[in-house]
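Keep the 3D view open as you read.

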Amino acid sequence: MEQNSEPSILIIGAGIFGTSTAYHLSLEYKDPSRITILDRTPSPPEPAASNDINKIIRADYSSPFYCDLAYEALDAWATWPELKDFYYRTGWVMLDEEGSDLAERIRKVFRDRNHDPTEDVKLSELNQRWKGILEGTETKGFKDAYWNPEAGWCDAAAATSALMRAAMGRGVNYAVGEVAQFHLNDTRVDGVELSNKRHLSADKILVSTGAWTSSLLSPLEDRLNIAETDRIEQQASAAGVAVAHYRMSDAEMVQLSEMPVVVYGGNGEVIPPPKHNRLLKFTNSNTFTNTITTKSGHRISVPLEQDQHIVSSRLKRETEQTMVDRVMPTFARGKEAAYWRLCWDARTPTQDWLLDRHPNPRLSNLFLAVGGSFHSYKFLPTAGKYMANVLLGRSNGPEKDKAWGWKSTRSEGGGAHPKTAPKRELRDVWDDDLGSRL
């Protein structure tokens, strides 16, 4: 590619997809200064799912498609100098619920690849393994468990920043600001105006704003009179989960030194505490949406625009009853959490990513990279390779192009991470005294 033929690219959002895409474009461009990434805060962006104390890294999928992609990512986590120091291969233990065949489907994918690292774990043996950390864990409602030593976790905030620094070190620009509006001419979006009146323009614009995508694009969709069925909300909607963190003592850190990630069926998971902050993390996987009606009358899902560490007492109690009191109770039951968080992501109906050009002819240079669906942080090192191909007009192959393309119809059910489907609104678990925040 000749230098003067390299399109300028503005990436809005410095989370998983934005950072990864900026990094991979910087490897391809002769002049990476033609790439600009914009976010409301310096890297890692706040508030965003990519700014977190840790995320799970695993290849355990019932989908061969994502299992293969995950192994590609795991190799990067283990070998890339930018990321390997933030990756901890502790393994994971997954408890499988009665009536579920998820664990068996996952392990069948491994067997079909002729590589099955897993082993059975009897529920009666959980108390004795891993220094007894699972003693007291409630196993009623579960039928069995399995252990995979290849899984683990990463320091998410540090890894996001490290990959962003690598991209900037190659010449990528990083701008801090908030988009006030898109500039739209007769044929395309030619740039954005920030809240401080600064203008940024580019040949191609990539929106990688996760759970904030609907709220960002809704005014632009209004200007173009885009029909409800063709709006971004039908492709990816914002959903949230509650997360509790408990600070461990020195003695508890010693006992947890061999702790794997613990997956408590579809209820959530517990991730080992990093040494630098000693925070044991419990995630309540019972997700929710926060639906609002815009001034133009469209219903969209949005994150709360507030301190993400404010969580209602009702949601705290639910999380404690669902996870904290039932999994590894020795380490958290009866204690005060060091802090709580609402973690938001954009979820697609099939939990596939959306890596595509916008289909509206007036938005021919607007691209989207969204749809983490609560399972995509592990793809930080590799997802951007595929989005870079889309931006540069290259196919990722028929299967990937179809999976990550704009969908003409909304189909629910199944997918890469199906249990994340929200079944309620945030207001259902929000206290009356906090109602003004909704």
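Start with the largest nonpolar core, which has 66 residues; Leu25, Trp77, Leu355, Phe379 and Trp404 touch the most other members. A nonpolar core here is a set of buried Ala, Val, Leu, Ile, Met, Phe, Trp, Tyr and Cys residues joined through side-chain atoms within 4.5 Å, and buried means under 20% relative accessible area (1.4 Å probe, protein chains only). Helix H2 (residues 64-79) gives this core its largest share, 10 residues; helices are DSSP runs of H or I with at least four residues, strands are runs of E with at least two, and both are numbered from the N terminus.

This is a predicted model, so local features need pLDDT of at least 70 and side-chain atom pairs count only at pLDDT 80 or more, while totals for chains, interfaces and linings use all residues. Residues are numbered from 1 along each chain as its sequence is written, and side-chain values use heavy atoms, leaving out hydrogens and water.

Now zoom in on Trp77. Leaving aside residues up to four places away in sequence, its contacts (heavy atoms within 4.5 Å) include Ile57, Leu83, Tyr87, Cys154 and Pro381. There's also a second, separate core of 43 residues, with Leu95, Met259, Trp344 and Trp430 among them.

Next, find the open sheet: 3 strands in the order E10-E11-E12, with antiparallel pairing. Strands count as paired if DSSP finds at least two bridges between them. At the edges sit E10 (179-184) and E12 (199-201), each pairing on one side only. E11 (residues 189-194) and E12 share 3 bridges, and Val192 stands opposite Leu200 in E12.

Note on methods. Buried means under 20% relative accessible area, exposed over 50%, partly exposed in between (1.4 Å probe, protein chains only).
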